[in-house]
Amino acid sequence: MSYLDHEKLDVYQASIDLVVLVDEIIEQLPRGRRYLADQFQRAALSVPLNIAEGAGEYSSNEKSRFYRMAKRSATECSGIIDVCMCLQLLDEEKYKKGRELLLRIVAMLIKMAKGTG
């Protein structure tokens, strides 16, 4: 089986795990928190999409730009997960899993953005 460039990246696979986790979290949010769900979903989906776009670029400046956008979306997810925890909308296990995943993703994206720019 052949793979596209982004599919070979550990950070891309981790970002897909993030989208799945965010979807699980969103399913548990109360109805009145739709604003959080919408923002969380958009931010989480933006991470793998920007990674995929960056991996498909030839220009190192463009690669770096997309990886930086993915990092910003990941840090936005971190803020949202913190808000969910503070509002007691999230259990400790999902919070820890999300934080660990986000820390890993952000660390990889920082290296990738610096390495290509």
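This is a predicted model: local features need pLDDT of at least 70, side-chain atom pairs count only at pLDDT 80 or more; totals for chains, interfaces and linings use all residues.
Which residues of the largest nonpolar core touch the most other members?

**Stop 1: the core.** Select Leu18, Phe40, Ile51, Ile105 and Leu109; of the 35 residues in the largest nonpolar core, these touch the most other members. Now colour by helix: helix 1 (10–28), helix 2 (34–55), helix 3 and helix 4 (92–116) each supply at least two residues of this core. Helix 4 gives the most, with nine residues.

Next, zoom in on leucine 18. Setting aside residues up to four places away in sequence, leucine 18 touches Val47, Cys77, Leu101, Leu102 and Ile105.

**Stop 2: along helix 3.** Select residues 60–86, which make up helix 3. Try the distance tool on its end C-alpha atoms: they are 39 Å apart, and this agrees with the 39 Å that 27 residues should span at 1.5 Å a residue. Step just past the end of helix 3 and you will find glutamine 88, with a positive phi of about 60 degrees.

Go back to serine 73, which lies in helix 3. Is serine 73 buried or exposed? Serine 73 has a relative accessible area of 9%, so it counts as buried. Show its surroundings and, not counting residues up to four places away in sequence, you will see it touching Ala43, Ser46 and Val47.

Aspartate 82 is also placed in helix 3. With a relative accessible area of 27%, aspartate 82 is partly exposed. Beyond its neighbours within four places in sequence, aspartate 82 is in contact with Tyr95 and Arg99. For another distance to draw, pick the C-alpha atoms of aspartate 82 and glycine 98: they are 9.9 Å apart, while the two residues are 16 residues apart along the chain.

**Stop 3: a charge over a ring.** Select arginine 65 and phenylalanine 66. Arginine 65 lies over the face of phenylalanine 66, at 4.7 Å from the ring centre. If you go looking for aromatic pairs, the count is zero.

**Stop 4: the cysteines.** How many disulfides are there? The count comes to zero. Select cysteine 77, whose nearest cysteine sulfur, that of cysteine 84, is 10 Å away. Cysteine 77 is buried, because its relative accessible area is 0%. Finish at cysteine 86, where the nearest cysteine sulfur is again that of cysteine 84, at 9.5 Å. Cysteine 86 is exposed, with a relative accessible area of 67%.

Notes:
Residues are numbered from 1 along each chain as its sequence is written. Side-chain values use heavy atoms; hydrogens and water are left out. Helices (H or I, at least four residues) and strands (E, at least two) are DSSP runs, numbered from the N terminus. The expected span of a helix is 1.5 Å times one less than its number of residues. Buried means under 20% relative accessible area, exposed over 50%, partly exposed in between (1.4 Å probe, protein chains only). Contact means heavy atoms within 4.5 Å. Rings of Phe, Tyr and Trp (its six-membered ring) pair if their centres lie within 6.5 Å; planes under 30 degrees apart count as stacked, over 60 as edge-to-face and the rest as tilted. A charge sits over a ring if NZ of Lys or CZ of Arg is within 6 Å of the ring centre and within 35 degrees of the ring normal. A nonpolar core is a set of buried Ala, Val, Leu, Ile, Met, Phe, Trp, Tyr and Cys residues joined through side-chain atoms within 4.5 Å. A disulfide is a pair of cysteine sulfur atoms within 2.5 Å.
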